[in-house]
Structure formats: structure tokens, C-alpha cells
Amino acid sequence: MTTVAPPSSPSPSSSSSPSPDAGTSTTGAVGRPSFGSILGRVPRAVWPLVAFLVLFAIGGLIRPNLVTVESLIGTATFAIILAIASFGQTIAVIQAGIDLSVPNTIGLSALAFLALVGPLGPLGAFVAALAAGAVIGFFNGAVIAKLGLTPIVTTIAMNGLLFGVILLAFNFSELTVTPDFVIAITSAKLSVLGISMPAVLPLGLALMVVLQLVLSFTGWGRSLFVVGAAAETARLAGLPVDRIRITGYMLSGALAAFAGIVIVGYYQQASATMGASYLLSSVAAVVVGGASIFGGRGSVVGTVGGALVLAQVATLVTVLNLGSNIQQLIYGAIILVVISLYGRRRAA
Amino acid sequence: MSTPTPAPPIATGASTASASAPQTAPPDARPAAPPADALLVATDLVKSYGPVKAVQGVTFHCNPGEVLALVGENGAGKSTVAKMLAGAVTPTSGTIIVGGEPLASGSVKQSRLSGVRCAFQELALVPDWTVAENLSLPDGAPLRGFSQKKSVAAASALLSAFDLPHIDPRAAVGTLSLADRQLVEIARALAGKPRLLILDEASSALTPPGVQWLFTRIRELTAAGGSVIYVSHRLGEIAEIADRGTVLRDGQVAGEFVRGGWTDDELISLMAGREAERFFPDPPERTTDAVALSVTELRSEGLDGVSLSLGAGEILGIGGLQGHGQAELLRALFGAAPAVADEWTIAGRRIKGTTPVRSVRHGLGYVPEDRKREGLALEMSVGENLLAPWLKAYQLGGRPRLAMERGWIDGILSALSVRTRGSNELAGSLSGGNQQKLVFGRWMDRSRTVILLHDPTRGIDVRAKQELYGAIVDLAKQGVGILWFSTEVEELVHVCHRVVVLYQGKVADELTGGRLTADAIVGAAVGSTGSISLTTDEEDLR
């Protein structure tokens, strides 16, 4: 039973996608390649996948019946939803910021989407919810770029403000009539290569590929990295730093809003506090995925890997019956450990 | 820092020093046998970073009361050696003996206790702290309880003892000019009354009076039996202050010299490993009278109405002492700082004001002061750093763009002889001179009208300087107007068509033709009163 399912579904998707760390991969052969230099040439996005496989193997050792395709798909589905919620966070972190308004952007967009389906129709409500996310991001970005406030303070204030808006505007907190097309792109079962999986899994992977292409291969994406790595350098090179920052936060907000709709579609429920757990876990997924919290480094492929690690941790926590409070504790510990590990490598 | 306790750390060094008077030509010029009373003996120092050997087997010694120069190009290993002596870097192998006892390596604190102090090239001050707080930092004063009042009093006493009355101990270090910050850094090292003082490019931002101030301090220290290791590129300074010297090249000792026994050309060829050509190129013949940039009564913070005009293909030098508006002028012209002017044209087109984005669109390029913070994204690749100004949101970026621009990138890298393993290497792993070439190179062959240079040759080696001079002259030949602020007077004299000297935010003088001499620039830089006396007669002017 243990050899039935080597985790083939997540790894091809990551290896076929573009290398996220364009800088480190080709350092040229100088002398004999040592073990360390070979390790150094491995793209950062690979490490979280290695960590995931190790955790998966540990899970298999504890409970051999965990090593099944269904269990893997279950973990991957949980991970991809977390990853979709963390894509926006990735973009904020790359530009040396952070978006702590992700939780209530998720909640607001989900509730607004459900409330607007009646008057605007599903597609209109979908567009309106994404636009709301982009507007939230615009305000975040404008305050951060133009007024120079720190991203943490700005976005956490925005998060609080949004919660107030949610409580005022949506005094009903449970809405369960989910439009069909949202179910079709999220919880509907698809059969890919003979494996049955919810539609959200290929959707999330497709979104990952698109975003990674934008980040790696467009002028906007590379400008975002320059701004994140050295803002003053970007400014003195004549890059429109403020515009790049603001559009970055707008994309971040729109992606969080998209995550809200995906969560509604998959879990078929929405509430004012539905995004709360994504505050810590979105940052954790980004950081475990190899992004530098100081900016200038990160990839959405890595974020998917980070989300897989966290999802597997959640699975193990459930299997070992530790309870969800322990899960938060472990997430916090993972963030601290990963940040200190990557911080060391940065200093070396 | 703590002035109430006059501990005599120099006395311990002097006890072994039989002759503490400054010697001019020590007889033991051969590297093989350090004298028994040597203050510092470094033997076979090796430092490798992974496969890269920054320093491979460096041996030298320093006698009490002596100034030992450590010279070499950037990347030759000088800074690494200096950091090993200071305890900031642990040697991979080799020994360092200070005053007869091995130096506990890898600990700045241990080095300090052995009487070794270092003023680092990258200023190791806390920008948000005041001068007084920074000066009290090395003593671990914060651990013993800290008093603003006492530290300010101690700092003013120290600054006046070191003849630096113009620095306010209550000012945050970040608000000081680069030169003043460097003076504070040196003062902090001196405050520890070191037996051995390491000055790592400590004069790179200093003006001529600042350098004279530094030399006075060095002579005080050596007269008391202390020793100085002086790391510098500036041969004029080495000729004046160094008793002996060690030349490093590619992490090894390339040669040694004693006071008076060398010429600039010999030293340059030792450093570069080849016969040096003529140091400065001539500015090219001007072929057009077109005006590339003109500004009338430019006002900004630190600028009090500057008018100047720069022709196409002209190299216009900006001279003056640090902090008289040169940096502000370049920033204002590029739009990096807000500024207004009565009249302002770029390539004949009138503009009201500008921002960096608009300046680049109008054909300006800017090489800023601090290449690590303002010039480069160190964690990104060489190619992407070159391309940074030319990224457009809706166009390709990253690898496809690099492939498209392959020809341009390779052209820049080879035209400037950038020593890199390719355009995918991280910019942060290049040496300082090669990093500077990237900041400069991104504006080459991009149909620029004007390029603003903020002291691009500061702290880079001789060979890199010559390559930059060549590139600047080539750009001028293509009709680009070059506005070049330099702290090296000889660059202004030899490579510029015309030099404008700023004093207190205004144009003090404009020098061309026969009036363009080093003395005239320095004279104008100190203002008409001439209150600061200078000893420039020793400088080797070509």
C-alpha cells in the first residue's frame, strides 16, 4: 500500500512551472561543485515540497492508511484553498510589504458576493466582489506608498475597518444559497487523469501558473521585485515605485477577494469571521514557501509548496487528535523557525 | 568614550617598543622576519567563502609607532584582512598576534580588549541614534545604564579634543553628511585609545581638510606609540602618511614598499598586475554647441540659486567640499528631491520640475551616491540590475527580456570589463568597483541626453577607475552631456572640460582652460575667505 501513491500530482506541477528564483540558479561552474553549491543551486520553491514529502512520509509511518490518493487529494485541496488565499499575500511580501487585511477582505468579498448575486446576477456579483477587493487594495497601497505608513499598521487598521463594515452591512451572517457556477469551479468533482478531485485544485494550480508567469516574465513582475529588494534603487532608476506598490496591493486585494468566493463555493457557507484563520496561515504559507519577509524574494509556486506543508501539518494534527489550538501553535512555531533559518542564510 | 577613566592602553604596547619614535625608513624591509617587538604579526591568513578564496596566505607585520598602508584593488582582499584584524571576520586559517599574544579571532569585543579598533569602510553607525549615543556604543554603556546628559557631555569633550567642534553631539547620525559620519566613525575608533587603529578606506568620503585632520590624528597616535593600518586607494595620501606598505593582489601579497621608495606608476602596476597606462584620459573635442541641460536659479534644500548650463558632449565637473550642495544639486536635477527654478530646460525643452520617472523619460540618467542602497538591488541578478530603468509594466521582463537584450547587456559588461560570471550572477556578489560599473552601465547606449554622476569612482580600485574614465569620455564623444561631481580634484582637473565649484549652495567659481587647476578648485571650494589652510603642495599632481 505504501508505494501506491507517490505524490505525483503536486510535484509535476511545480517542476514544470517556471523557476521562481531567476537569480540563484545559474552561478556557473567554478572548480569542483561541492555539496553545498549543489544545494545552493536548488530553487527555493523545491524545499517546501521536500518538507511536504517528509511530512507525508511521517504521516504514512504513523497511520499507513493515510497514504492513499484520496488522502493526498484531500490535503492538496485544503492546501490549494489556503494557497489561493495566500497568493495576494505573496505579492505583498515580495514588494517588502505585508497584507494583514486578507482575512476580512475574504469575509467581505464572500458576503458581498452572496448579497449581490440577487440584484446583479452571479457574474456581476463576482466582478463586483473582485472590484471591492481591488478597491481595498488600492486604499492600502495608496496609504502605504503616498503617505509612507508602514504596511503592518496600515493593513491591520484596514482589517479592523473592514470588520466594522462587515458587521454593519451584513447583519445576517449565514448565507447558504451558492450560485451554480461558483460550485462548478470549486467543489464540483472533476476527473483528471482518472483521479477524482474537486475543481478548485486545477483552478488553483492554473492561477498559480498564470501568476508565476506574471511575476517572472513581465516588466511589472520584475519591477515589483526591484521595488521589494531596494525601493530607493527603484526610485532612482526612474521606476514608478508608487504605482507599482499600489497595483501590487490592488492585485493582492483582488486575489484575497477571489479566495473569499472560492471558500464560499467550496464550503458553501459564509460568516463574518470566516477569514480569521487566514491571518496567520497566509503569512505562514508565504514564508514557508521561501519568500523573504524583507522583500525582493518569493514565488507563488513556493507559496503552494508552503501551503502543502501547512496542510499536511493540519492533517497530522487531526490524525494525532491534538486539536485546532495546537495547530495554531505549530503554525506560529513554523513561521519563527523558517524566518530564522532563512534569515541566517541571508546573512551568510 | 568614558573620559573620566584615563586608562593607559598605549603604555602596554610601549613597554615592548624600544624605539617608539616614528621611523621614516625601517631597515627591515624584507617580509621574511618580523622584528621581535612587532606590534602585530599576521601569518598566512586565509579566508574562504565557500569555493571563493578572498584571502589566500597573507603575511605582514606592523611595528609600534608605524603607519602601515594596505593597498590593492577592490576585491584584492584588503577589507577582508582589515575585518579579520578587527575580529569581525574569522580567518579560515592563519594566525594574528597582537603585542605577543594571539588574537582571539571572530570577536570584535576581544579585538577591542587587545587594543585593536577599526573604522569600517561601510559605516558601522546607527543612523537613528545621536552622535553621542553612537560614540558611547562601543563601551557597552547601555548595559550599565545610560545617561543622555553624561553621554552628550562626554561626546562634546571628545569631539573638541579631536578638533571636531562643528559636529553636534545631539544630532542624529543619519542627518549628518557622509563626510561627517565618517569623521564620527573615526572619532569613535580613536576614542578607545587603540594600540592598533585600522582605517578601512576611512578617507574615502573626506574632503582635503578632513584628510589633513585625519593625518593629524594619526600622527598624534603614532607619536604615542600606537600603530595604524591604513587601507586606501589614494596614492597621494599613502605617499604622505605611510611609513611602509603592503600591496595585495587577488588575495595575496604582491609586494611591499617603504616610504620614499616607490612611484605611483610602480605601485599601480603592482596593484593591477600590469603596466599602468596614463592615468587620466583627456576630455574629447566638442563638436557641437547644443545645450543638453540648463537651469537658472535652481533652489532646493541646500541649494541657494544655482545656475548652470551643460552642453551636449561636454563633461562638466562639480567641485567643492562635501556638504556644499553638490549631492543636492544632482538630486534636484534628477527630481529625486523637490526643487524649483526660474528656467529649466532639458535638450531645449522647457520643464517646470521633474520626478525620477519623468527625468528618465526626458533622457536623464543618474548614478547615485550609495551604490549598495540607492544604485543596485543586491539580491537581483546583474542583468536585471542593468535593465531596472527600462522595465515597462506591460512589456516582458525577467528571462525572456534578458534574452532579448542579450546583445546590449553583453556589450555593457564587456565595454566596462565587468568581472562577473555572467548576467545571472547576483549583483551583491560583485566587488565594489564592478557594482559601480553596473550602476553606470545601465545608462550606456540608451540614447541619454544627460548623465548625472555622483562621485562614481569613490572607493573603487585604480583599474576600475580607468575603465570608468574611458566610458565617461566615450559617452561624451557620443554627445551625452556629463555632469560629474567628484571628490577627487585630479579627476576634475584632467577629465573635465569645465568645472563649477559650489560653496554653501551657490556657484563659487567656474573654471576652464588655463584656470582649471587643482589649486584653483580647492581655493574656490573653501570660499573667498580662505579660512582653512591646506597643504596641497605634497600632492602629486599630473
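Both A:Arg222 and B:Glu384 are buried, that is, under 20% relative accessible area, where over 50% is exposed and anything in between is partly exposed (1.4 Å probe, protein chains only). In this predicted model, local features need pLDDT of at least 70 and side-chain atom pairs count only at pLDDT 80 or more, while totals for chains, interfaces and linings use all residues. Residues are numbered from 1 along each chain as its sequence is written, chains are lettered from A and ligands numbered from 1 in the order in which they are written, and side-chain values use heavy atoms, leaving out hydrogens and water.

The side chains of A:Arg222 and B:Glu384 form a salt bridge at 2.7 Å, N to O; the term denotes a side-chain nitrogen of Lys or Arg within 4 Å of a carboxyl oxygen of Asp or Glu. This pair crosses between chains, from helix H9 of chain A to helix H13 of chain B; helices (H or I, at least four residues) and strands (E, at least two) are DSSP runs, numbered from the N terminus. Another salt bridge joins B:Glu379 to A:Arg297 at 3.7 Å, N to O. Here B:Glu379 is partly exposed at 24% relative accessible area, whereas A:Arg297 is buried at 17%.

Within chain B, B:Glu314 meets B:Arg498 in a salt bridge of 2.7 Å, N to O, linking parts of the chain 184 residues apart. B:Glu314 is buried at 5%, and B:Arg498 is buried at 14%.

Helix H10 of chain B, residues 326-334, is mostly covered, with 8 of its 9 residues buried. Among them is B:Arg331, which also belongs to a salt-bridge network with A:Glu232, A:Arg235, B:Asp370, B:Arg373 and B:Glu374.
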